[in-house]
Amino acid sequence: MSTAPAIVAQGLTRRFGSVVAVDHVDLTIPRTQIYGFLGPNGSGKSTAIRMLCGLLVPTSGQVDVLDHQMPRDAERMRAKLGYMTQKFSLWDDLTVIENLQFMARIFGFGSRERTARIAELTREYDLGSIATQRAVTLSGGQKQRLALAAATLHRPELLLLDEPTSAVDPQSRRDFWESLFRLVTQGTTILVSTHFMDEAERCHGLAILDRGHLVAEGAPQQLIRDIPAIVVEIEAADTVGARRALDGDPAVLSIAQLGTRLHALVDPATPTADARLRGLLEQAGVAAQVEIVRASLEDVFVAATGFRTAATSPPPQ
Amino acid sequence: MLNRIAAVTIKELHQLSRDRLTFGMIIGIPLMQMLLFGYAINFDVRGLPGAVVDAAQTSGSRALIGDLQASGVVRLLAPSPSVPDLRRRMDTGEIQIGVVIPADFERRRLQHDRAAVQLLVDGSEPMTDMVARALAATPPPARQGMQALRTETFAVRTAYNPERRTAVQIVPALIGVILNMTMVIFTSAAIVRERERGNFELLITTPVRSWELMVGKLLPYVFIGLLQTTLVLIVGAWLFDVPINGSLGDLYLAAALFIAAALTLGLLISTITRTQFQAFQLAFVTMLPSILLSGFVFPFDGMPTAVRWLAQVLPLTHFVEMIRGIVLRGAALHDLGWQAAKLGIFLVAALALTMLRFRKRLD
């Protein structure tokens with residue numbers, strides 16, 4: 001297998017009328033990794049993924065996927081790409097098995113191969129008990145397992161997943177990620193878009209998208225290390241008061257609430273950031289614990305998106 | 001390639017077998033239309049409500065009224081005392097034909113340059129007008145030694161349908177109307193339904209080629225169309241005694257060609273529209289001109305030139321000609337080569353347009 005990157009995009013841009021959904025994005029995604037697109041809704045994740053698998057033609061820029069130019073070679077690449085849409089897109093009125101059989105036939109499996117591969121997938125994705133159920137009757141987690149089974153049926157080299165876990169429960173999300181790691185060890189490259197921080201943190205590499213721009217890129221740990229801000233955690237009973245006390249300060253770039261704690265991102269040029277905030281809180285008469293902490297990915301996200309967007313917190317697990 | 005076409009066809013059949021409404025329509029639409037058109041459409045009109053103003057009150061005028069009644073075409077209600085009363089009854093819709101026998105009826109009868117009796121006809125209904133004109137052309141026979149008013153100039157013999165039964169004219173063409181309706185509706189939803197339900201985004205990331213997808217989707221409907229053809233022929237022969245004078249092979253070949261054309265029209269609609277609702281609307285837009293202009297009801301040759309050109313574009317026009325030729329006139333397919341060629345041209349053109357419109361892309 002080639003060691004060249006799985007995906008190289010340069011100046012990738014897509015307009016819909018006057019809206020620029022993806023704006024000059026440069027990407028290099030290495031093979032056999034899970035690479036994440038992190039961003040809020042409308043940040044251009046889906047549009048970018050659709051361009052990478054040849055469903056949308058870029059307005060400008062160049063994309064190479066597995067050493068082939070897209071969308072020119074899109075049809076030739078079909079057998080090497082697996083794509084899981086954001087919305088369940090298998091057939092509701094077909095059973096689980098019929099859906100898989102259809103995909104297997106479309107990908108040119110002979111009848112013996114087909115039976116063997118479907119049996120394998122049924123085991124792997126725990127579809128045995130629902131095999132003869134129509135897809136419309138499945139739960140969110142079951143649908144997602146079926147969709148992943150269908151997307152990986154032809155053993156694609158590159159798997160593109162567009163917000164695969166937005167409609168499933170936490171347990172299903174964990175199982176799903178187990179499956180993804182198993183696929184990576186088998187040699188698959190995976191590109192996954194998400195707006196969940198905990199999922200983003202599991203990726204080998206991460207691109208943070210905001211309103212069509214690539215605003216940060218790197219391994220999650222590295223992004224956390226390199227955050228362009230000092231993260232100060234404030235624990236206070238009166239979070240509203242604490243917030244009010246810090247809001248107007250020019251050194252405080254943003255404040256986000258996490259339960260009873262506040263995370264303030266402070267200008268890195270500020271000397272003794274914690275002492276400064278402590279002073280502000282005392283002035284306002286708010287009792288609070290103040291401490292400089294290690295950044296979370298959410299802090300990275302807030303910093304990367306220009307200190308304005310509050311990202312989605314991970315759902316309770 | 002065959003593998004992928006088979007995959008699409010099998011999927012369609014699975015889906016179809018679960019779609020009870022569509023399944024019901026496959027059988028229901030032909031049956032319903034057969035019964036509806038076979039029994040209800042009748043150009044051989046009988047029992048039109050009418051009334052007489054008899055100002056003459058002679059034995060001759062009474063004999064005329066008796067003849068009218070005996071013909072069965074007019075069902076005479078209570079006589080009217082005057083012409084204005086007759087008009088009023090027509091205005092209210094009580095009668096559709098009025099017969100005015102003037103006081104000088106007997107004298108007029110002997111004068112060949114003046115009509116003896118006036119027929120007042122409700123022209124708001126197309127068929128009534130036609131019937132009344134026919135009625136006027138057949139004067140009652142001479143009696144009591146009086147000379148006949150006119151002798152027949154033409155003796156009419158209706159070829160292929162000697163008894164002039166409407167069902168014989170209607171049923172073969174009805175195959176075309178039914179196929180046109182069901183085939184276009186079924187396939188007009190074919191692509192757009194996948195698009196609407198989100199399946200399309202997945203489908204276009206698979207190696208299936210556009211034409212494989214089209215062919216795979218159409219194949220089940222070709223068989224359904226042939227099944228419907230058979231159903232209409234059987235019911236037609238059984239209920240309405242419609243003969244099949246031509247060869248069955250030719251008939252099915254012609255039907256298959258028309259089915260392909262109608263399916264392609266539906267597919268074209270499916271690639272133009274964005275929702276199933278739009279698709280149905282557009283399907284209906286093509287339906288009415290097809291039925292009215294095809295010669296199914298109104299004689300094609302009576303239409304203005306521009307309309308005839310428009311009708312030439314519609315596949316049903318050619319099929320109605322072909323099927324009447326084969327079923328009633330016993331014509332062979334090669335006698336109808338020109339019509340078949342025109343259907344073929346439509347098929348190829350619509351298919352090309354469909355291919356041009358269809359992209360394995362989202363934009």
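Helix axes here are lines fitted to C-alpha atoms over the stretch in contact, and angles between them run from 0 to 180 degrees between N-to-C directions. With that in hand, take helix 9 (residues 239-247) and helix 10 (residues 273-284) of chain A: they pack at about 115°, with axes 9 Å apart. This is a predicted model. The predictor gives the complex an ipTM of 0.81 and a pTM of 0.80. Chain A and chain B each divide into a domain 1 and a domain 2.

**Confidence in chain B**

- Chain B has a mean pLDDT of 83, and 88% of its residues reach 70 or more.
- Confidence in chain B is highest in helix 11 (residues 248-272), at a mean of 92.
- Confidence is lowest in helix 6 (residues 126-137) of chain B, at a mean of 66.
- Residues 141-152 of chain B have a pLDDT below 50. Beyond near neighbours in sequence, that stretch makes six contacts in the model.

**Domain layout**

- In chain A, domain 1 covers 7-223 and domain 2 covers 228-294.
- The centres of these two domains of chain A, taken over C-alpha atoms, are separated by 39 Å.
- In chain B, domain 1 is built from two segments, 2-41 and 165-357. Domain 2 of chain B spans 48-137.
- The C-alpha centres of domain 1 and domain 2 of chain B lie 46 Å apart.

**Where the chains meet**

- Chain A gives 22 residues to the contact, and chain B gives 20 residues.
- On the side of chain A that touches chain B, strand 6 and helix 3 (96-106) of chain A are the elements that give two or more residues.
- Helix 3 of chain A supplies the largest share of that side, four residues.
- By class, the side of chain A that touches chain B holds 13 nonpolar, three polar and six charged residues.

**The sheet of chain A**

- Six strands of chain A form an open sheet in the order 6-7-8-3-9-10, with mixed pairing.
- Strand 6 (81-84) and strand 10 (213-218) of chain A are the edges. Each has a single partner strand, so one side of each lacks a neighbour in the sheet.
- From one strand to the next, the twist of this sheet averages 15°.
- Strand 3 (residues 34-38) and strand 9 (residues 205-210) of chain A run parallel and are joined by four bridges.
- Phe37(A) faces a residue of strand 9 of chain A: Ala207(A) stands opposite.

**The sheet of chain B**

- Chain B has an open sheet of four strands, ordered 2-1-3-4, again with mixed pairing.
- Strand 2 (74-76) and strand 4 (118-121) of chain B stand at the edges. Each has a single partner strand, so one side of each is without a neighbour in the sheet.
- Five bridges link strand 1 (residues 48-54) of chain B to strand 3 (residues 97-101) of chain B, and the two run parallel.
- Ala51(B) stands opposite Gly98(B), which belongs to strand 3 of chain B.
- Helix 3 (residues 59-71) of chain B packs on the sheet and touches strand 1, strand 2 and strand 3 of chain B. The direction of helix 3 makes about 125° with that of strand 2 of chain B.

**Helix packing**

- Helix 9 and helix 10 of chain A make a right-handed crossing.
- Gly241(A), Ala242(A), Ala245(A) and Leu246(A) of helix 9 meet Leu277(A), Leu280(A), Leu281(A) and Ala284(A) of helix 10.
- This contact in chain A has seven nonpolar, one polar and no charged residues.
- In chain B, helix 7 (residues 166-188) and helix 14 (residues 315-327) cross at roughly 145°, and their axes come within 8 Å. This crossing is right-handed.
- Helix 7 of chain B contributes residues including Pro172(B), Ile175(B) and Asn180(B), while helix 14 of chain B contributes residues including Phe319(B), Ile323(B) and Arg324(B).
- Sorted by class, the residues of the contact between helix 7 and helix 14 of chain B are eight nonpolar, two polar and one charged.

**Backbone details in chain A**

- The peptide bond from Met70(A) to Pro71(A) is cis, with omega near 0°.
- Pro71(A) sits in the loop between strand 5 (68-70) and helix 2 (74-77) of chain A.
- Asp126(A) has a positive phi of about 55°, although it is not a glycine.
- The loop between helix 4 (111-124) and helix 5 (140-152) of chain A holds Asp126(A).

Conventions: Residues are numbered from 1 along each chain as its sequence is written. Chains are lettered from A and ligands numbered from 1 in the order in which they are written. This is a predicted model: local features need pLDDT of at least 70, side-chain atom pairs count only at pLDDT 80 or more; totals for chains, interfaces and linings use all residues. Two strands pair if DSSP finds at least two bridges between them. A crossing is left-handed if the near helix is turned anticlockwise from the far one by less than a right angle, and right-handed if clockwise. Two residues are in contact if their C-beta atoms, placed from the backbone, lie within 7 Å. Ala, Val, Leu, Ile, Met, Phe, Trp, Tyr, Cys and Pro count as nonpolar, Asp, Glu, Lys and Arg as charged, and the others, Gly among them, as polar. Domain bounds come from an automatic or database domain assignment. pLDDT is the predictor's confidence in each residue, from 0 to 100.
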